[in-house]
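Open your viewer and keep the sequence panel at hand. Each stop below tells you what to select and what is there.

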Amino acid sequence: MSASTNKINPPFRADHIGSLKRPDALLAKRKEFDDGKCSAEELKVVEDEAVTAIVKLQREVGIKSMTDGEFRRYAPVCIFSCLMGVRPVSRAQAHVLRRRL
C-alpha cells in the first residue's frame, strides 16, 4: 500500500508537534561536530537534508501540520531546563540520549 492511499480519518483530533527520531546520518554528523571533526556548515547541510526528507514524508502521509522534527536542536529536552527539578544534561552525557532520539 502506498503512503498516498494509507490516509485515515480518526474520530479525534491529533496534531503532531515536536521532536521526531533523528536519522542515523544526522546523529553521526552531530557526533563529528561535537568531536570537532566537521564544521557547523557541514552539519547544517546534513540537517537541511534531514529536514527536507522528514517534511516530504509528513506530506506523503497526509499530515497537515508539519514539524521539522527539531533536528537542529541539540537535544529536545533542553527546553525543559527551566522547570523545577529538571537539570540540564551536559554535552558529555548527551550520548546517552542519542540512543533514544
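**Whole chain**

Start with everything shown. This is a predicted model. The chain has 3 helices and 0 strands. From the N terminus on, the order is α-α-α. Of the 101 residues, 24% are buried. Next, consider contacts between residues at least 6 apart in sequence: 57% of them join residues at least 24 apart.

**The core**

Select Leu20, Leu26, Leu43, Val46, Ala50, Val51, Ile54, Val55 and Phe71. These 9 residues make up the largest nonpolar core. Helix H2 gives the largest share of this core, with 6 residues.

Stay here and pick Leu26. Which residues does leucine 26 touch, leaving aside those up to four places away in sequence? They are Leu43, Val46, Glu47, Ala50 and Phe71.

**A charged network**

Select Glu47 and Arg72. They form a salt bridge, with the closest N and O atoms 3.6 Å apart. Glutamate 47 lies in helix H2 and arginine 72 in the loop between H2 and H3, so the pair ties together parts that are 25 residues apart in sequence. Is glutamate 47 buried or exposed? Glutamate 47 is buried, because its relative accessible area of 8% is under 20%. Arginine 72 is partly exposed at 40%.

Zoom in on lysine 44 and aspartate 48: their side chains meet at 2.9 Å, N to O. Both lie in helix H2, 4 residues apart, about one turn of the helix. Lysine 44 is partly exposed, with 43% relative accessible area. Aspartate 48 is also partly exposed, with 27%.

**Along helix H2**

Select Lys56 and Glu60. Here is another salt bridge, 2.8 Å from N to O. The two residues sit about one helical turn from each other, because they are 4 residues apart in helix H2. Glutamate 60 is partly exposed at 34%. In total, the structure holds 8 salt bridges.

**The surface patch**

For the last stop, select Leu57, Val61, Ile63 and Met66. They form a nonpolar patch on the surface. Together they have about 290 Å² of accessible area. Finish on valine 61, in the loop between helix H2 (40-60) and helix H3 (94-98). Valine 61 is partly exposed, at 38% relative accessibility.

Notes
Residues are numbered from 1 along each chain as its sequence is written. This is a predicted model: local features need pLDDT of at least 70, side-chain atom pairs count only at pLDDT 80 or more; totals for chains, interfaces and linings use all residues. Side-chain values use heavy atoms; hydrogens and water are left out. Buried means under 20% relative accessible area, exposed over 50%, partly exposed in between (1.4 Å probe, protein chains only). Contact means heavy atoms within 4.5 Å. Patches are made of residues with over 30% relative accessible area and no salt bridge: like charges are joined within 9 Å, nonpolar side chains (Val, Leu, Ile, Met, Phe, Trp, Tyr) within 5 Å. Accessible areas come from the Shrake-Rupley method with a 1.4 Å probe; for residues, only the protein chains shown count as cover. A salt bridge is a side-chain nitrogen of Lys or Arg within 4 Å of a carboxyl oxygen of Asp or Glu. A nonpolar core is a set of buried Ala, Val, Leu, Ile, Met, Phe, Trp, Tyr and Cys residues joined through side-chain atoms within 4.5 Å.
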